[in-house]
Amino acid sequence: MSALHNLFFFILALGVLITFHEFGHFWVARRLGVKVLRFSIGFGAPLWRYRKSPEDTEFVVGALPLGGYVKMVDEREGEVAAADLPYAFNRQPLLVRAAIVAAGPLFNLLLAVLLYWIVGVGGETGLKPIVGQVEPNSLAAQAGFQKGDEIVAIGGEEAPTWTQVITLLFAEVVERQTIPVEVLTPAGDRRVLILEIPKELAENPNLLGQKLGLKPFEPPLPPVLAQVEPGSPAKASGLRPGDRIVAVDDVPIEDWRQLVEIVRKRPKQPLKLKVERQNQILTLTLTPEETPNHEGRIGAGVKVAPELYAPYRVTYRLGPVEALVAAVGKTFEFSWLTLKMLGKMLIGEASVQNLSGPISIAQYAGQSAALGISYFLKFLAVVSISLGVVNLLPIPVLDGGHLTFYLVEAVRGKPLSEQAMARFQQIGMAILIALMALAMFLDIQRLFE
C-alpha cells in the first residue's frame with residue numbers, strides 16, 4: 001500500500017475528527033452566548049480563510065493539519081472591547097465554561113455513535129467466521145477449535161463476520177482471562193469453547209493475532225494468473241495473464257496460496273514451472289526477487305472469480321433503532337476499554353507497545369480505506385473515541401485538565417492563581433511531549449521490525 005494512499009486517508013481522518021471536536025466547542029460556545037473570534041482547523045500559515053463581516057467568526061484552514069482551535073473573546077488573552085465584555089469566555093459562569101470545554105470530546109463520542117449507526121443501518125459485508133486452520137500448540141488449539149467450526153458468539157455477543165470476531169476478542173482480552181466462544185460444528189452441533197488468555201497477551205493485546213492460531217477458511221483459489229507486472233521476474237520468465245501454474249519443481253500446484261508459500265521461501269532461487277497455456281504444457285524457469293523482508297516475490301496476481309467467495313460472505317445489517325442502541329453500546333464499550341487500557345499502562349499491567357503514533361494511525365487509515373467504506377468509518381469511530389476519552393483525562397492543557405481546574409474552583413469557591421495554572425500547564429505539556437515522543441519511537445521501531 002503506497003505511502004501517499006496512507007497519507008491521504010490519514011489527513012482525511014484527522015480533518016474529520018478535528019473538525020467535529022472543534023465544532024463541539026464552537027457550537028456550544030455560540031449557543032451559550034460566548035463570542036467566537038476564530039474557528040481554525042490546523043495550525044500555521046492559513047491556506048484558506050473566510051469571514052462574512054468584521055463582527056463575525058473567522059474560519060481558517062491552517063497548513064499543519066495536526067490539531068485545531070476555537071479562539072473566543074477572553075480578557076486573559078488580550079484587550080477586549082467594552083461592547084464584547086458580556087460575551088467574554090472568562091466572564092461566564094462556571095457551568096457555562098465547563099460545558100464549552102467538555103463539548104469537544106463529547107462531540108467526538110457523538111461522532112462515534114453516528115458512524116457506528118451509519119455502518120449498522122447501511123450494513124457491512126464480510127467473510128463468515130469459519131475456521132480454516134488451527135495452528136498446533138496455539139491458544140485456539142488448546143481451547144479445542146477444529147477446522148470447519150463456525151464462530152457464532154464471543155462472550156455472549158453475536159459475531160457474524162471475521163471482523164466482528166477480532167474486534168470482540170480484542171475487547172475481551174482486556175476485560176478477562178477466560179473468554180467463552182460459541183461455535184457451530186460442521187455436524188451442526190453447538191458447543192462453547194474456553195480461550196485461556198496468558199498474562200503477556202492481556203498486557204499487550206496487539207499480540208493477539210500472533211498467539212491466537214486461528215486462520216479463516218478460504219475456498220481453493222485456482223493458480224491462474226490475472227496480471228503480470230512489467231519488469232517483474234514473472235514477466236522475465238515468459239509468464240502471461242491466463243497461464244495456469246500446474247507444478248513447481250515437479251510438485252503439483254492445486255491452490256494459488258500453495259504457490260505463494262513456495263515463492264516466499266525461495267528468493268533468488270530458480271524454480272522450474274510447468275504451465276498450462278491454451279491446452280499446452282510449457283516448461284519455464286522463474287527466479288523470485290528478494291523483498292526487503294527477505295522473502296521471494298514474482299510480481300504476478302491471481303485471477304479471482306467473483307462467485308468464488310459468494311457462499312462465504314454475509315451481510316450484517318440492523319434497523320434504525322436497533323443500530324442506534326448498538327452504536328451507543330459500542331461507543332460506551334470502547335470508551336471503557338480505552339480507559340481501562342490506559343489505566344493498565346499507568347500501573348504497569350499493560351505494555352506501552354499498545355500506544356500508536358501518527359505512522360501507525362496513518363497505516364491503519366490506509367488499510368481500512370482499502371478494505372471498504374464501512375471499515376474506514378469504523379476506524380474513524382475508534383479513533384474518535386480515543387480522541388474524546390484522552391481529551392477528558394485530567395492532564396493540564398487537555399480539555400480534561402481545564403475541567404479539573406473548574407472542579408477545584410467549584411470546591412474552593414475561587415479559581416487557582418494564574419501562576420499555579422501556568423505551572424500545571426507546563427507539567428501537562430511535558431507529559432504530552434513525552435507521550436508523543438514515546439509513540440513516535442514505537443512507530444519507528446515497528447517499521448524496522
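A salt bridge is a side-chain nitrogen of Lys or Arg within 4 Å of a carboxyl oxygen of Asp or Glu. In the predicted model described here, arginine 191 and aspartate 149 form such a pair, with their closest N and O atoms 3.0 Å apart. Arginine 191 belongs to strand β8 (residues 190–196), whereas aspartate 149 lies in the loop between α3 (139–143) and β5 (150–154), so the contact ties together parts that are 42 residues apart in sequence. Aspartate 149 is buried because its relative accessible area is 1%, while arginine 191, at 27% relative accessibility, counts as partly exposed.

The protein as a whole comprises 449 residues, of which 41% count as buried. Its secondary structure consists of 13 helices and 18 strands. Taken along the principal axes, the C-alpha atoms fill a box of roughly 90 × 50 × 40 Å.

In total, the structure holds 21 salt bridges. Side chains of opposite charge can pair when their charged atoms come close. One of the salt bridges joins the side chains of aspartate 250 and lysine 272, with an N to O distance of 3.5 Å. This pair links distant parts of the chain, 22 residues apart: aspartate 250 is found in the loop between β11 (244–248) and β12 (251–252), and lysine 272 in strand β13 (residues 271–277). Aspartate 250 has a relative accessibility of 48% and therefore counts as partly exposed. Lysine 272 is likewise partly exposed, with a relative accessible area of 36%.

A further salt bridge connects the side chains of aspartate 255 and arginine 257, at 3.1 Å from N to O. Aspartate 255 counts as buried because its relative accessibility is 15%, and buried means under 20%. Arginine 257, at 24% relative accessibility, counts as partly exposed. Elsewhere, salt bridges that share partners join Lys35, Glu55 and Asp84 into one network.

The packing of helices was examined for two pairs. Two packed helices are described by the angle between their axes and the distance between the axes. For helix α10 (residues 358–371) and helix α11 (residues 373–391), the axes come within 5 Å and cross at roughly 150°. Angles over 145 degrees count as roughly antiparallel, and α10 and α11 are therefore roughly antiparallel to each other. The crossing in which α10 passes α11 is right-handed.

Helix α4 (residues 162–175) and helix α9 (residues 320–346) form the second pair, packing at an angle of about 45° with their axes 10 Å apart. Since roughly parallel helices require an angle under 35 degrees and roughly perpendicular ones an angle of 65 to 115 degrees, α4 and α9 are therefore oblique to each other. Their crossing is left-handed.

The surface also carries a nonpolar patch of about 440 Å², made by Leu47, Trp48, Tyr50 and Val61. Strand β1 (residues 36–50) supplies the largest share of this patch, namely three residues. Leucine 47 is located in strand β1. With a relative accessibility of 64%, leucine 47 counts as exposed, because this class covers residues over 50%.

Terms used. Residues are numbered from 1 along each chain as its sequence is written. This is a predicted model: local features need pLDDT of at least 70, side-chain atom pairs count only at pLDDT 80 or more; totals for chains, interfaces and linings use all residues. Side-chain values use heavy atoms; hydrogens and water are left out. Patches are made of residues with over 30% relative accessible area and no salt bridge: like charges are joined within 9 Å, nonpolar side chains (Val, Leu, Ile, Met, Phe, Trp, Tyr) within 5 Å. Accessible areas come from the Shrake-Rupley method with a 1.4 Å probe; for residues, only the protein chains shown count as cover. Helices (H or I, at least four residues) and strands (E, at least two) are DSSP runs, numbered from the N terminus. Buried means under 20% relative accessible area, exposed over 50%, partly exposed in between (1.4 Å probe, protein chains only). Axes are lines fitted to C-alpha atoms, for helices over the stretch in contact, and angles run from 0 to 180 degrees between N-to-C directions. A crossing is left-handed if the near helix is turned anticlockwise from the far one by less than a right angle, and right-handed if clockwise.
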